Structure formats: structure tokens, C-alpha cells
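Subject: Structure for your review

Dear colleague,

Please find the structure below, followed by an account of what was found in it. I would be grateful if you kept the model open while reading.

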Amino acid sequence: MDQGRCHSQHPRAQLRLENMCWRIWHLARKKKQLEVEDQQRLAVRRWEREQGRRDATEDMSEDLSEGEKGETVGELLPGETPKKKFQRNSSNLEVWSDDNKEKKLYIVLISLHGLVRGENMELGRDSDTGGQVKYVVELSRALARMPGVYRVDLFTRQISSPEVDWSYGEPTEMLTVGAEDADGTDVGESSGAYIIRIPFGPRDKYLRKEVLWPHIQEFVDGALAHILNMSKVLGEQIGGGQPVWPYVIHGHYADAGDSAALLSGALNVPMVLTGHSLGRNKLEQLLKQGRQSKEDIDSTYKIMRRIEAEELSLDAAELVITSTKQEIDEQWGLYDGFDVKLEKVLRARARRRVNCHGRYMPRMAVIPPGMDFSNVEVQEDAPEVDGELTALASSDGSSPKAVPAIWSELMRFLTNPHKPMILALSRPDPKKNITTLLKAFGECRPLRELANLTLIMGNRDDIEEMSGGNASVLTTVLKMIDKYDLYGQVAYPKHHKQSDVPDIYRLAAKTKGVFINPALVEPFGLTLIEAAAHGLPMVATKNGGPVDIHRALNNGLLVDPHDQEQIASALLKLVSEKNLWIECRRNGWRNIHLFSWPEHCRTYLTRVAACRMRHPQWKTDTPKDEVAADDSWNDSLRMCKISSGEHELQDQVKHVLSRIKKPERASQDSEGGKKVVDNVPSKYPMLRRRRRLIVIALDYYDSNGAPEKKMIKIVQEIMKAVRSDSQTARFSGFALSTAMPVSETVEFMKSGKIEPSEFDALICSSGSEMYYPGTYTEEDGKLFPDPDYASHIDYHWGRDGLKNTIWKLMNTDEVKGGKSKNPSKPIEEDGKSSNAHCVSYLIKDLSKAKKVDDLRQKLRMRGLRCHPMYCRNSTRLQVIPSLHLEHRHSGMYLFVRWRLNVTNMYVILGETGDTDYEELRSGTHKTVIMKGIVEKGSDELLRKSGSYHRDDVIPGDSPRVAYTSGKQLPVTLQKRYSKLRNPRPECELVVYSFSAPF
């Protein structure tokens, strides 16, 4: 029987072996295939980048002399050292000093994910609550103490969930009171640093950052409301009655960068970005590992949505702050929106005051993070150190003085606590490379005999309840401790408080230990600075920020994180050579001031002050009748910057000034028997007096892009439904938003006997122009646009350079190495639909039209910042300024300009629409989607394969979204209005957007 059992088991064992071999072969083959695909992708990307750089240089070279052309070409040649004259001399910057204490600035910081609070930070609780949380909180406190800074608001997510502490549900938390004047008096009741928590996403759930993306617009609406209110409050306290706008909006990480970009566009204030870690770099690292395909990576990390958010942030940012130069060259250099070589060329042209044709690259600045050294005890070697450790390790319980509790917690793991402590402090993330460190320690007997190892790996209760990556690392750590029999030599406590961390550093320093950061890639390495401040030499990865830290401090050794023998040798060298240890310790103390918070904030404010300062170019609270109309408009226009090449905008402004001074016209028309619109104010549009505004966004066109007459019926039915309730009709107004130019819009409305004056606002040409019928019109009834709005959306807009580039990209078939011999022309310019801030094209061959994300990528590579979109039943391509999407930005502009509250917006849509359709379905407004009406939109031209998905933009199962049919619309409207018969004091913005008739 035993012999038969052996015979029966042998085939099964052989089969398992064969299956294992096939699996190994398959995995190796898949990895090789991914490597080939990666190489091909990188080759295509390099070619596209070079082509974009070449096109940008050719377009700009017309303005240069022959000598300058040679310099520009030389600058773009690969492999050459940049010429010295292209390097910026930072000494030309005026360093921020106490002379700025009278400025009283308002600064906004944004950090959305993780658990953010000022005290007892739960660092390491999960992958979202790490060093970034500590950084932004300490930055807020440090900035609030700087001369000239009045208030700092740190925005994050409000979380009211049983999963987390109640403190994360508090709407406001004070971090520090405001600084005092020289005479000791407080500067104001609202001064200081605060955490402002904005609710967005499910209120009762703590969400990881990868699933926050569909809710970003909801945060933007809430943050915008807070900023508007705070600007008014600060204006009353320190602004002489005028709003105090944010000096800068600073986004941290991709999600906050996306939000900061939208807020910057809505408020027209400068934006600063800190990436912390970057999506493209993470994608490259994961692809190189060969374990997951690009699709699997995107499914897990939403990496494509993150990358697009980072690209959008580069479109808007004036300044990008990095921790190291390596981050600029090797990480930001991977992005479409930043090219190191092209940025130097554009900077040189700007310095010579040569036209860049609308091309722009954000400025990069290396500013290492700061640290608070106030609680650091700098102690030289003292005789009582051994006494403390001896007492702590003794069994009789006697102790000459109290010692920190965390010391006792660590000592219970160690047989001989007198040995030097090798300290690693990070969350148990695979990329932190803790297992390689443990393997190096376990396999180096001299190191084990000479030192102990302490692993501070966040906080945990039950490993089985932790996320997959963290649980896997911790399980491997426990198995390796058992494998190498490291009991009594390795400490790995389950819990520690943030306040314990300085004591842990002190203990390691007292034992003459070493701090190690073995991460595969470390963006900066704040813990290295903390360790140096406490007198610990370092061993750190040579990949990333530690290179710059080591250059500044010279207090340790750099290693290859993949080489365990090199790690072990470096650690052994430092703990065994006492003279080297002392030298590294003293070097760290000598140079640590370079990383203090005051030094960081001084450099930060110096760099921000060098940005192009912007703010809303009007007086927001101007409803008083005694203010002259021409004065208010002249104030706004006087602040409008007219840049080179924008003659059309300049002509519009002059035209407004020539026509606006007519206060007596309304009364003259009345006396002459002419028709007078009853809602025409003498100075400002009725928008400022509306409590509710209905914005009708129509997108129903025939196959040629001409408006269908059935749209008229839609408009009439909506107006009828609103006016059927006399109580709501009194404070409700209408606006029309369309892709048509104003002339075509007015003509079309008149064909249905609808007067333009029935609308408070007309938003035309995909949101590139804003009109106020009945208020700003010429004597013949012709409308002219709001010049404040024109200046508001003008930032980073380069019409002439954009026209040339769009024509080249759309009318040629690009192939690697050049252009095809028989170029097709799928578009032609639509002059009737174009204006100063909209370039419109007719689509002649839809099959050859480039997708929006593909076109935007190529424009970014050429330094052009804009928003291309397909509209009018895919018959038009319209390009407007970046971040100013047709419906969303127009609504946010009305919120900022006239205080029409976005939270009460009702958006009625079809099931599809233009390529900006997705933007209308996210935010704090309510959405009603008409089913079975829209047959075809332009969304098929939005994204190419491999991009992010609609679910990454639109929240699923939102309580703010309802579905209905066209025939039920009047009933639906009346029900909605019946719930709002007594409107709140703030205004409501209601939007009815259709892509088809009832």
C-alpha cells in the first residue's frame, strides 16, 4: 500500500512542479513584454517632447535676431550644458524681512487627504497620514508667525465618522494665535493659523485619497464660499472695507493641486504647488517592477486621474516648490506641462522682454522643508546617560529620575539596551524598504553583535485589519525576525504617539546610534533632518532628497537601497568608528539651521513675492447707489493688464469706456415712448439683486451645428414654469449659456420672439464672453461684453501662438521622424464664432479630429495653456483659456463677482453633451438628468484609450443627482420651487441645461 501511495503521489508532485515552471515562465514572459512596451512608450514620448520643443522654438524664433536664434537652438540641443546666462541669479530677489510687517497677508494652504489636526497627529496610521500632514500643519504655524502674514487657512476634509476621532469633524481648529505688533498688541481677532475643514464626499466615511477624485469639485465650491466670506471679514478688520483676497493659494499633492488650480482660476489669484510625490514617477517605478499592467495600476491607484490633476496644476501654477533639484530634473521633467530646456528659453525671452506668444512654464524653486527645533535638547555626551539606561534596564524598579514611557516600551524588546541603536522610522509601506534593512541586519553577524535595531512602523492594533501592502510588510518583518532569531535584538512597538518621536531620537542618540532611511526613492526625507537635530548620524538612500540633505549637512553615508551588503557596511562603519560618529554628529548640528522653519518661510515668501501678483479686478461689494457707474467700471478697467498681442481686448475696453457714461438714457427712452426693460439698473446688472438665477445652457444643434428651433420651446417652457409661481418669480432671474457667439445667439432668440433683455446674463462662445443685456448696451441695442470678465480669464492666454499651433496639429498627420507628404485638413477656422478669448474651428472631417486629451497634451508640450473642447454636435472645436470651462467657471465667476451661491444650483442635463459635460455633474449643485432625450453628444472626442475614466470625475450614486423625463419638467420645477418659497439670504444659482428638446 505504501508503494502504491508513493506511485500515486509522484505524478501529482510532478504536475505541481510543471505548473510552477509554467507560471514562472509566464511571469518572466509577461515582465519582458511589459519592459518592451515601456521602452516603446518612452521612445514615443521622447520623440513627441522633442517635436513639441522644436515647434515651439520655430514659432518663437521670428522675433529673435540671428545671434539670439543660435542661442535658443543651442539651448535646446540635447547633451549640452546650459549657458550661464540662462541661470537665474537668485540674489536679485528681495529677501523677505521685517520691513514687510505692515502687509497683513492672507494665505491659503490646501491638503485634502489623510487625517489632519494640530495636536497628537496620528502619523503612520495609514498611507495617507504621513509626513505631508506634519509638514502642512507646521508650515501653517510657521507662516503665521512671519512678519507681514495676518492669517493662514489650511483647508482639509471634514470627516464625521465613527472610524476616526471626533476632532476631525470640527469645522475649525486654531493652530496658533496671530503674531503681536512691536508694542505687544494683538493684530486682530481673525489673525493666526487655522485648520478649515470642508465637508465633501460621504460625510460619515473616511476615504482613502484614491477615491476622493469625484468629489474634488464639491470641495472647491465649499472652499470658495469660505474664502469669499473670510475675504469680506478681513476686509472689515484690516482692509478698510475692501475685501482682502488670498495672497496665494498653495496646493499640496495632486488632489489639492487640482483644487488650488480651480480656485486660482475662479478668484484670479496666484497659485503655488508642492507635489510631495508625483504620479508619473510612481507609474514608471511600478511599470519597471513588471508585476502589474498599466490598466491594473490605474485601477488600484487611479494614477491617470492623478497625473491629469498634476498637469492641470502645472497649467495654473506660478511657482512649483520642490525639496530637491533631483525632483525637478527627474520627476517634473516627465510631465507634458514642464520642460526644463524650454522653460529656460522662455525665461530668457521674458528677461529680454521678447514676446513668448502665450507660451508659459511655471518657475521651479528648491526650498527644503523646515523643522521646529524648539523642543530639541542638544546634549553633548554626559556621564548620566549610562546611569539612565542602567536604571531603566534594572529589575528592582528603582530609578534616579523619571524617564519617558516610550523608552520603557522599547527596552522590553532588547536584551542589552546599552548597545548602539539603529533607528528606522516610517510607515510599513513596501517602498520604504524595511525588509531589505532587516535582511541586511540579520545576515551581518558583526552588526548584530554590536548594535540593536528599532523599527517604528506606525501604529497598529491587528495586522489582519490593516491594508494589504502594510499588512504584508509587517508579516514579512515578523517572519524575518523569527528566521534570523533576532529576538532581544529588534524592537518593533505596536503604538507610539507623535509626542514620543523626539524621545525616541534622544534614546538612539544617547546609545550612540544611527538613523537610517533605506527607502527605494525618498522625495525628501524630513526624518533625516529631525534625526540630525537630535544628534544622530544618518545612513540614507541615494535616490532622491537625501542627496541634497547629505550635501548640506555632511553627517553620514549614502547607500544603494537595493544593496543589502552596502547598507550593512555603512551601518557597521558608523557604529564602530567612534571618531567618524562624533564628526557626523557635530556636522549635523553645525548646519541644521539651514532647515529651520523661519529660514524656509523667509525663502518661501521671497519666492512668492517674485510671482506675478493678481487678484479680482473689481470691488465686489458695490451695490450702493451713490457710487457712480463710470467710476466703478473705470476702477476695474484701470486695473486690467493689456498685454502685447491683445489688440481686440484693448479695443473692447476702449469701446466700453466710450459707451458706459450714459446714465440719462433710460429716462430719455421712457419719455420718448420707447420700450424700457423694467429690470435695468442704472449702474450694475440685476444679477447682484437676484436671490435665484436660472442659467439655461442649450446644446441642441443639427448635423451642421446650426441651432434647432425646438430649443426655443425649451427656453419658453422653463421660463413659464419659473414664472408660474409668483413668489419665486419676484426674485428669480435668467441667464443663457451657449457655445454660439453673441450675434448668433441674439438672432436665434429673436427668431422665437424672445428678447435678450429677458435674460440677466448671456454667457457666449463656450464661456469666453459675458454680457448683461439691458445694462451694458449701445444705442442701437448691440451688446458689449463685461471687460472685468475678459481680464479675469486672460491669464496664460496666448491667442496668436495658439492659432498657429492648432492649425499645424490638426491639419497634419504626424508620423515619427516628420510629417506626412499628403496632409489632410480636417478643420478650418470659424471666424464668426471666434473672439479675443475663443478660437473656433469648423470640423470638416470628424474621423481625423484629435481627442481632447491628446490635443491638450501636445499643446502643453509646446508651452501653451488652454482648454480645447468640442461642441455644437461635434461640428466645432473651440479653444478657450485654461481652467475656464464653459458652465462651471461661468457659475463660479458669478459667485465671486455677484455672490450668487453655487450651493443652490440646479443643473438639468441630457444624458450626454459637449466635452465639458462631466464638469457639470460634479460639485455642490443639484443635477436633474433628462432621460431618453439626447441621442448623441461630443463626449466620444474627450479621451483616448489609456486615460482616466468618467467614474474618476463624476461621483456615483450622488444624492444630488436625479433623473426625469422631459414631459415631467414643469412639475419637477414647481416641486423644487415649492420647497424654496422662503429663500435663504444668500442667492441661489439654478441651471437648466438641455442638449435636446422635450
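A residue is called buried when its relative accessible area is under 20%, exposed when it is over 50%, and partly exposed in between (1.4 Å probe, protein chains only). This is a predicted model, in which local features need pLDDT of at least 70, side-chain atom pairs count only at pLDDT 80 or more, and totals for chains, interfaces and linings use all residues. Residues are numbered from 1 along each chain as its sequence is written, and side-chain values use heavy atoms, with hydrogens and water left out.

Salt bridges

A salt bridge here is a side-chain nitrogen of Lys or Arg within 4 Å of a carboxyl oxygen of Asp or Glu. By this rule the model contains 45 salt bridges.

One of them joins the side chains of Asp315 and Arg860, with 2.8 Å from N to O. Asp315 belongs to helix α8 (residues 303–316) and Arg860 to helix α30 (residues 852–861), so this pair ties together parts that are 545 residues apart in sequence. Helices (H or I, at least four residues) and strands (E, at least two) are DSSP runs, numbered from the N terminus. Arg860 counts as buried because its relative accessibility is 3%; Asp315 is also buried, with a relative accessible area of 3%.

Another salt bridge connects Glu577 with Lys573 at 3.3 Å, N to O. Glu577 is partly exposed, at 34% relative accessible area, and Lys573 is partly exposed, at 36%.

Arg125 and Glu122 also meet through their side chains, at 3.1 Å from N to O. Arg125 is partly exposed, with 30% relative accessibility. Both residues belong to a network of salt bridges that links Arg117, Glu122, Arg125 and Asp165.

Helix α21

Among the buried residues of α21 are Trp597, His600, Cys601 and Tyr604.

Positive phi angles

Arg872 has a phi near 55°, a positive value in a residue other than glycine. Arg872 sits in the loop between β23 (866–871) and β24 (876–881), and it is buried, at 0% relative accessibility. Arg899, likewise not a glycine, has a positive phi of about 60°; its place is the loop between α31 (886–898) and β25 (900–901).

Yours sincerely
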